[in-house]
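Some notes on the model, point by point. Please read them with the structure open.

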Amino acid sequence: MAITNFEVFATRLRDENLDVRLKQTIAHELCESLEYIQLQDYSRFVALLWPVIRDLLVKMPPIFVSSAPEQIIQRIPHSEVFRPIVQEVVTTIMSLVRIENEENAVVCLKIIYELHRMYRQVLESVALPFLSLATDIYRNTDQMLRAMDSAETPASLSTPNANLLSPSAMSPGPDTGDVAAKNLPKAMSSFKVLTEIPIIVVSIIQTNRRHADSFVTNIIPLILHMLELNPKSSMLHSDTAHQHWRSVHADLITAQSKTLSFLAFFARGFTTQLLPSQDRIARLTLQLLCLCPSEATATRKEMLIATRHIVSTGIRKAFVPLADKFLDMNVLV
């Protein structure tokens with residue numbers, strides 16, 4: 001990409017009179033062009049285009065069909081050139097998680113994890129705001145379950161001209177008319193979004209240990225409650241259950257598996273705080289293994305690994321009365 005193109009992209013994306021769909025096309029072209037930028041040009045790219053991208057992310061209202069403009073940030077190489085703006089980038093996209101759709105929020109969280117992994121010391125100030133966000137998402141699990149239990153229609157609905165809003169349609173092409181678009185839930189009501197939270201929290205706590213005790217005290221009851229979530233049994237065992245519902249149920253099981261691994265992390269470092277709930281933890285671990293579909297082998301493996309970590313701590317005594325049930329082949333396999 002020629003250096004002068006930076007100014008062209010910035011000018012066009014900043015133009016308030018430009019149609020939003022055209023801006024999406026331009027943003028997609030910019031995203032696709034990032035791999036061609038020379039390393040020495042990144043300082044200029046960041047200086048010219050980050051303020052424009054930030055304003056677009058903050059000022060444009062979220063939409064709830066498939067679209068991920070945040071992928072521009074995800075594709076920018078995280079070199080030292082990125083360091084001066086990394087705190088502003090994380091703060092900006094962290095605020096989007098509260099208002100965006102599920103897919104965009106997942107992209108945001110993946111970016112946050114990668115940036116925190118590379119710039120931990122620089123991002124120390126975002127630790128508490130993110131822990132607050134994580135707590136709020138875990139507080140919302142009852143709403144997630146209610147939305148799941150009431151789901152009677154598929155996620156793919158006919159949305160007029162929604163193809164104009166999806167990344168695959170941002171490049172110029174013939175008008176294909178009305179097509180099916182994937183309607184997405186709000187991020188704060190999504191098990192997929194919750195699934196991304198534990199690994200980021202673990203990274204933050206490992207770097208900012210002083211925030212851990214108060215956070216663990218607040219999050220443990222929410223974690224245990226999330227692990228207790230169980231959809232309507234009539235839906236779970238119905239042969240006619242809609243494919244959409246089955247997909248959302250798989251999202252719940254995956255989120256619970258990640259949350260059990262989350263609990264295992266706390267069991268090793270904060271055993272004392274978990275001891276009052278050890279019987280409940282043992283019962284919930286068994287329940288999750290029993291409910292995990294036999295075909296979900298990767299999820300079951302993750303649950304078993306988390307169980308192994310938990311029983312390697314002082315909580316193991318609570319598992320002894322349930323040992324026969326845990327060793328049942330229908331539970332293990």
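1. Contact here means heavy atoms within 4.5 Å. Helices are DSSP runs (H or I, at least four residues), numbered from the N terminus. This is a predicted model, in which local features need pLDDT of at least 70 and side-chain atom pairs pLDDT 80 or more, while totals for chains, interfaces and linings use all residues. Residues are numbered from 1 along each chain as its sequence is written, and side-chain values use heavy atoms, without hydrogens and water.

2. In α9, Phe 191, Leu 194, Val 201 and Ile 205 meet Ala 212, Phe 215 and Met 226 of α10. Seven of these contact residues are nonpolar, none polar and none charged (Ala, Val, Leu, Ile, Met, Phe, Trp, Tyr, Cys and Pro count as nonpolar; Asp, Glu, Lys and Arg as charged; the others, Gly among them, as polar).

3. Helix α9 (residues 191-207) packs on helix α10 (residues 212-228) at about 155 degrees, axes 13 Å apart. The two are therefore roughly antiparallel (over 145 degrees). Axes are lines fitted to C-alpha atoms over the stretch in contact, and angles run from 0 to 180 degrees between N-to-C directions.

4. Seven aromatic pairs are counted (ring centres within 6.5 Å). Tyr 138 and Phe 262 have centres 6.1 Å apart and planes at 35 degrees, so they are tilted (stacked is under 30 degrees, edge-to-face over 60, tilted the rest). Tyr 138 lies in α7 (residues 127-139) and Phe 262 in α12 (residues 243-269), 124 residues apart.

5. Tyr 138 is buried at 1% relative accessibility, and Phe 262 is buried at 2% (buried is under 20% relative accessible area, exposed over 50%, partly exposed in between; 1.4 Å probe, protein chains only).

Key:
Parallel < 35°, antiparallel > 145°, perpendicular 65-115°, else oblique. Phe/Tyr/Trp six-rings, centres within 6.5 Å; stacked < 30°, edge-to-face > 60°.
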